[in-house]
Amino acid sequence: HMQDDDRHPRIYETFLYPSHPLAQDTNPDSCACADGCELWGAAGVRVGWMTGWVGIVFFWFAVLPRAAAVISRIEERQLLVDDKPLHLKGVCWNPVRKGGTHPHDTDYRGFAAADAEIMSRAGINAIRTYAVIDDPQVLDIFWEKKIHVLNTVYIWGKDPLDLVAQRVNAVKNHPAVLMWVVGNEWNYNGLYVGLPYPAALQRVKEVVRLIKEHDRTHPVATVYGELPSADTLAQLHEVDAWGINKYSGLSFGNLFNQWGNISKAPMFLGEYGADAYDSRRSTLDEVDQAEATKVLTDEIVKASSVNPGGVCIGGIIFEFADEWWKDGSGSPDMHDVGGISPGGGPYPDRTFNEEWWGLVEYDGKPRKSFWTYAHIQTPGCEVAQAALRGSAWETDPIWAKKLRTQVCGAHFNCRRKLGYCCPKEDGFFDACCESTAIVPPTEEPHPASTTWLPPPPGTHVTPCEETVYRDESGEFVNGHFQVGTLGCLGVGECQFRSRSEAQDFCDKQPRCTAVLLHPFEDDCAGGFGCYTPRFGPISPNSLWGRSGGRAWARTRVECESQVPALGSAVPAQSRKYAFMGWFTAIEAQSACRSIGQLAMPKTNAKLHELLDVVSAAQDAKKVSQNWPMNTLWLGGHFNPTSERWEWMDGSPLDWTNWVSGHPSAASNSQMTKQWLSMMLNGEFRDSGPDFKFAVFCEFGASDLVVAPVAADDGDNVERSTALVHKPAERVPIVAPRPATTAMPTPVPRTTTLASTTMASTTVTAAKWDEGSKFGRYTMVGVGGPQVARQACVQHGKRLPMPKNIAAFQALKNATKAAVLAGKLSEQWPKNTIWLGAAWSNAAARWQWDDGSAAVGLPWAPEQPSDWDHQQEPWLCMVLDGVVHDSDSAYSFGIMCEDSDDSDDADDHPEPMLG
């Protein structure tokens with residue numbers, strides 16, 4: 001219980017229970033001061049317990065009021081705290097519960113109690129965060145353990161600058177705040193929104209200036225990837241200390257000497273260390289992690305500015321505890337082993353296994369690296385840390401308590417609560433710990449996405465077989481499908497970004513036997529996706545299974561089919577809709593193009609007609625009452641230009657059936673939920689784009705007939721029936737476009753490849769005359785981004801990937817020539833072409849189709865337009881050479897680039913912008 005009074009010292013009234021870990025002997029000081037280590041607690045109090053005694057011990061001790069900030073400053077190359085040099089023995093801290101993701105589920109309040117307790121036992125005296133801690137109660141917990149906070153006040157480039165002053169002023173007088181931090185590796189990530197380097201540098205400069213306007217009592221640091229240039233140092237001369245993130249195996253090399261030659265400011269390691277997983281042997285490797293921790297930390301200690309001639313004020317090791325959300329190819333509920341190998345990296349395998357970096361496991365159990373870090377003496381501490389003497393500490397019963405599973409943050413319904421919940425300090429469990437409330441509902445797996453039609457009247461049931469995919473994790477298949485098969489993309493074999501896409505491909509290949517999921521990040525090789533269809537025998541592979549690889553075997557099962565008499569007409573009333581499968585909102589917009597449009601129930605009668613079909617689909621087990629299988633996309637969206645909900649044909653939603661409380665995102669102009677969905681009971685909802693909901697396509701104004709399909713003489717296939725659809729001509733609806741180059745709001749239109757035939761997912765691109773060849777570029781038609789990639793592959797080419805100024809200029813010249821040839825025009829949308837780049841959610845960056853980072857792009861003003869959620873994941877370019885983000889609802893020019901690497905100007909790219 002804490003009481004603040006500006007006129008009197010602060011009084012702590014502490015309640016300790018023998019059964020709670022905080023009642024045990026705690027770590028002596030964290031060596032936060034340079035003149036010796038004090039016992040934990042300002043009065044140096046330890047509590048002893050008599051055998052069999054049960055009760056509560058009260059003790060009071062006074063400390064300085066919280067309003068008195070610790071004065072920290074930089075003098076030459078030293079960090080001084082109350083005029084005494086401090087060496088940082090720190091750790092990166094980003095607590096996220098199992099099943100959660102960053103930044104939404106980062107929970108400082110929920111984990112602070114356990115994490116500060118564990119950190120103090122290793123003598124850790126500082127933490128660095130990846131978001132601001134503006135909660136004084138969280139800072140209280142760390143200051144009680146004498147742990148300083150390098151408080152990151154600005155890390156995301158879309159945050160308005162007026163937040164800087166607000167965040168600084170909120171906690172600048174708290175003694176736990178040691179310094180302010182701006183950014184993290186912003187030279188790589190453009191403050192996580194892809195800002196060009198000059199813009200990111202200018203943003204950092206502005207934030208540093210704002211911090212100093214509001215607080216002159218704390219230094220300001222920025223964290224950079226590797227060493228900055230002399231020009232960068234000069235432009236950011238107001239930065240007091242530089243954090244350097246470096247992963248270079250078992251040594252920093254000549255880092256400290258290099259820093260001493262280019263700057264007179266102090267530096268610290270903002271991130272360093274090694275993960276605890278060896279991808280070479282697919283096994284846990286605590287020994288090598290501990291070795292890297294010792295060797296690298298020893299190098300930092302030797303370079304400490306506490307000692308004469310040192311340039312380094314310490315190190316912040318990465319990281320405190322495992323985060324289970326970081327492997328983009330895995331699940332936040334699972335401890336995944338995916339990793340990336342960029343050519344350099346941590347010891348010993350040079351692979352970043354993102355979910356295995358903790359000094360402690362998720363539950364708080366220390367790894368060998370934790371003990372190694374604990375035993376390393378902090379420069380400036382004259383008294384050895386008493387708690388580290390002998391081996392008894394490592395066998396302390398506290399470690400069996402798994403403190404991180406008891407704090408509120410570890411439990412879904414307890415999140416954001418301070419302290420312990422499960423159990424609480426009194427040994428009782430909070431109501432939020434009930435088993436039914438801890439874990440959020442999980443998605444029900446989707447069935448195979450095979451097209452299904454409701455049975456017409458008069459059909460009879462006959463036995464049949466259908467394809468399903470059975471989970472066979474641990475199994476492996478060797479046969480590869482070559483890139484270009486059915487227009488597929490990939491590096492070395494066909495790759496897909498979703499299992500449904502891979503299974504759809506597999507369904508069209510008689511020899512396909514399975515779909516594999518490769519356990520890697522960034523959408524695997526080239527960014528084309530981690531799902532690969534394979535052929536050949538299926539056999540166990542233990543290494544594949546241990547590494548996290550998965551497989552789904554293609555099998556045939558018995559079913560019941562409603563088949564009308566051969567050649568009979570299908571009543572239009574009962575066959576207006578077809579179930580196509582499961583798609584995201586963006587994918588759903590194009591899923592129906594080959595046969596019609598997304599369902600648009602504009603009247604009550606149309607809604608009930610659709611509900612009849614949905615009910616039949618539920619009987620056929622295509623949809624169910626469990627989320628998300630109880631939801632389907634409708635052909636409607638919010639148009640921010642007209643500020644209204646519209647059907648995909650541009651007409652307004654004059655009649656709706658909104659469920660209570662929806663649209664739920666109206667308060668923020670529908671920016672997060674722009675798509676229309678419907679529950680099985682007919683209620684409308686607004687939804688975000690990333691969910692995979694059912695898609696029911698409504699056939700266009702045409703006749704439907706059942707025609708016989710002759711069996712191939714080479715295959716033993718029975719005579720069957722196929723639905724033949726003859727779509728009516730539809731004219732694209734194009735709204736007037738502004739004269740500027742800004743990207744317009746999507747408008748309904750039919751996507752076609754000019755002179756191109758679409759059959760299922762296969763693209764047959766027509767040949768153009770020689771006039772369509774413009775240097776290394778060839779115009780092959782118009783279409784959406786996926787169609788564009790398929791078309792270029794079939795021509796033996798690729799979409800343009802201009803990685804430098806010269807390449808952009810060459811592409812601009814080609815587009816101008818295409819205008820003169822009549823293949824493009826000055827009017828939107830024919831003034832725009834697709835580029836071979838897309839947004840990667842896993843890497844949180846724009847990437848070229850070959851997997852390399854797309855940096856320094858010549859963005860148009862106010863672009864990318866969708867930084868918040870990047871719902872427009874495709875890159876396009878207009879005639880003046882500026883680029884925009886866009887989505888698959890548009891049909892732009894498809895200009896393919898020769899993919900012969902021998903004359904590829906992109907092999908040696910110069911910087912895009914200076």
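The side chain of aspartate 278 makes a polar contact with the side chain of arginine 280 at 2.9 Å; a polar contact is a pair of N or O atoms within 3.5 Å, where within protein one must be able to donate a hydrogen and the other to accept it, and residues adjacent in sequence count only if both atoms are side-chain atoms. The model is predicted: local features need pLDDT of at least 70 and side-chain atom pairs count only at pLDDT 80 or more, while totals for chains, interfaces and linings use all residues. Residues are numbered from 1 along each chain as its sequence is written, and side-chain values use heavy atoms, with hydrogens and water left out.

- Aspartate 278 belongs to strand β14 (residues 277-278); helices (H or I, at least four residues) and strands (E, at least two) are DSSP runs, numbered from the N terminus.
- With a relative accessible area of 0%, aspartate 278 is buried (buried means under 20% relative accessible area, exposed over 50%, partly exposed in between, with a 1.4 Å probe and protein chains only).
- Not counting residues up to four places away in sequence, aspartate 278 touches Thr283, Asp285, Pro348 and Asp349, where contact means heavy atoms within 4.5 Å.
- Aspartate 278 and tryptophan 356 are 78 residues apart along the chain, and their C-alpha atoms are separated by 9.8 Å.

**Surroundings of serine 304**

- Serine 304 is found in the loop between α8 (286-302) and β16 (312-317), and it is buried, with a relative accessible area of 1%.
- The side chains of serine 304 and histidine 87 are joined by a polar contact of 2.8 Å.
- Leaving out residues up to four places away in sequence, serine 304 touches His87, Gly310, Cys312 and Pro379.

**Aromatic pairs and charges over rings**

- The structure holds 30 aromatic pairs; rings of Phe, Tyr and Trp (its six-membered ring) pair if their centres lie within 6.5 Å, and planes under 30 degrees apart count as stacked, over 60 as edge-to-face and the rest as tilted.
- The ring centres of phenylalanine 481 and phenylalanine 535 are 5.1 Å apart with the planes at 70°, so this pair is edge-to-face.
- Phenylalanine 481 lies in the loop between β21 (479-480) and α12 (499-507) and phenylalanine 535 in strand β23 (residues 531-535), so the pair ties together parts that are 54 residues apart in sequence.
- Phenylalanine 481 is buried, at a relative accessible area of 2%.
- Tyrosine 531 and tryptophan 552 form a tilted pair, 6.2 Å centre to centre with 40° between the planes.
- This pair links tyrosine 531 in strand β23 to tryptophan 552 in strand β25 (residues 550-563), distant parts of the chain 21 residues apart.
- Tyrosine 531 is buried at a relative accessible area of 17%, and tryptophan 552 counts as buried at 5%.
- A cluster linked by ring pairs contains Tyr130, Tyr247, Phe318, Phe352 and Trp357.
- The charged end of arginine 511 sits over the ring of phenylalanine 535, 4.0 Å from its centre; a charge sits over a ring if NZ of Lys or CZ of Arg is within 6 Å of the ring centre and within 35 degrees of the ring normal.
- The charged end of lysine 89 likewise sits over the ring of tyrosine 373, 5.4 Å from its centre.

**Nonpolar cores**

- In soluble globular proteins, nonpolar side chains tend to be buried together.
- The largest nonpolar core has 80 residues, of which Trp93, Met119, Ile127, Phe142, Ile211, Phe256 and Leu269 touch the most other members; such a core is a set of buried Ala, Val, Leu, Ile, Met, Phe, Trp, Tyr and Cys residues joined through side-chain atoms within 4.5 Å.
- Helix α1 (residues 108-120) supplies the largest share of this core, 8 residues.
- Neighbours within four places in sequence aside, isoleucine 211 is in contact with Val153, Val164, Val168, Trp180, Val182 and Val220.
- A second, separate core of 25 residues includes Trp582, Leu634, Trp645 and Ala694.

- In helix α16 (residues 785-794), 7 of the 10 residues are buried, so the helix is largely enclosed by the rest of the structure.
- Strands β42 (residues 874-878) and β43 run antiparallel and are joined by 4 bridges; two strands pair if DSSP finds at least two bridges between them.
- Both faces of strand β43 (residues 883-886) are covered, with Val883 and Asp885 buried on one side and His884 and Ser886 buried on the other.
- Tryptophan 874 stands opposite serine 886 in β43.
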